[in-house]
Amino acid sequence: MRDEIFKEPIKKQFEFDASVASVFDDMIGRSVPFYDVNVKLVSQILAKSLTKNARVIDLGCSTATSLLALFALRNDLELFGVDNSEAMLANAKAKGAAFGAKLNLELADVLEYELSGFDTILLNYTLQFIRPICRAKFVRKIYNGLNDDGVFVFSEKIIYENKTLAKNMIEIYEDYKAEQGYSRYEIAQKREALENVLIPYTEDENKTLVLEAGFREVQSLFKWGNFMSFIAFK
């Protein structure tokens with residue numbers, strides 16, 4: 001279904017409710033530059049490095065796009081997904097069934113979910129929605145939930161410290177969304193709805209966050225403008 005949520009005046013802050021879930025795949029595909037390319041790249045990297053029957057969990061899995069991309073390459077993996085939206089998980093279950101994939105999906109708050117014994121933890125455009133005061137504790141929890149030599153892969157919208165660059169990048173990104181078919185009104189509406197809900201960090205702040213949690217190394221995987229993916233090694 002095509003994302004037309006912000007064609008009407010907004011009445012509340014952004015949240016992943018049933019209306020968003022119904023158009024989420026279209027929304028993220030048109031709102032995050034090279035989203036499909038990035039998902040494929042991450043899946044290929046993990047498929048090459050994970051041991052047989054490794055355990056992978058996607059926190060904030062939404063409609064399970066990342067898990068299914070990994071399943072297409074490695075059907076031996078144990079795949080888990082957690083999300084706090086029933087509507088998202090309903091879509092994820094339907095997609096999993098269509099692909100013949102066994103997905104262990106659970107409705108829960110990722111901040112409260114007990115993590116233990118995973119080889120890879122995914123966190124795609126989720127950390128940015130967690131209150132900054134809670135992020136360090138949450139990333140330490142992720143570190144503790146990984147097996148030795150486990151990896152943490154996360155994607156985020158980032159901000160630039162250089163104010164001119166930041167301003168130009170916002171304008172370039174809004175032009176990008178207009179090229180994807182969103183009207184300027186829709187773009188402005190969504191930006192207002194996300195105000196104080198999505199709080200991005202800089203690239204360096206994200207890297208420092210994971211290193212201070214205990215990870216021995218963090219590398220950049222993919223970047224377009226103010227969208228970026230990282231891989232951290234335990």
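**Strand pairing, cores and cavities**

I began at strand S5 and found two bridges joining S5 to strand S6 (residues 201-202), the two running parallel. Strands count as paired here if DSSP finds at least two bridges between them. Helices (H or I, at least four residues) and strands (E, at least two) are DSSP runs, numbered from the N terminus. The partner of Ile 158 in S6 is Tyr 201.

I noted the ground rules next. The model is predicted, so local features need pLDDT of at least 70 and side-chain atom pairs count only at pLDDT 80 or more, while totals for chains, interfaces and linings use all residues. Residues are numbered from 1 along each chain as its sequence is written, and side-chain values use heavy atoms, with hydrogens and water left out.

I then checked the other partners of S5. Strand S4 (residues 118-124) runs parallel to S5 (residues 146-159), joined by six bridges. Ile 121 stands opposite Phe 152 in S5. Between S4 and S5 the chain passes through helix H5 (residues 132-145), a right-handed β-α-β crossover (with the strands pointing away from the viewer, the path from the first strand over the helix to the second runs clockwise). S5 also pairs with strand S8 (residues 227-233), antiparallel, over seven bridges. There, Val 151 stands opposite Phe 233.

Which residues have the most contacts inside the largest nonpolar core? I found Ile 57, Leu 59, Ile 121, Ile 142, Phe 152 and Phe 215, in a core of 29 residues. Such a core is a set of buried Ala, Val, Leu, Ile, Met, Phe, Trp, Tyr and Cys residues joined through side-chain atoms within 4.5 Å; buried means under 20% relative accessible area with a 1.4 Å probe, protein chains only. S5 gives the most to this core, four residues. I looked up Phe 215 and listed what it touches (heavy atoms within 4.5 Å): among them are Ile 142, Phe 152 and Phe 233, leaving aside residues up to four places away in sequence.

Helix H2 (35-49) supplies six of them, the largest share.

Terms used
Buried < 20%, exposed > 50% of the residue type's maximum accessible area, 1.4 Å probe, protein only.
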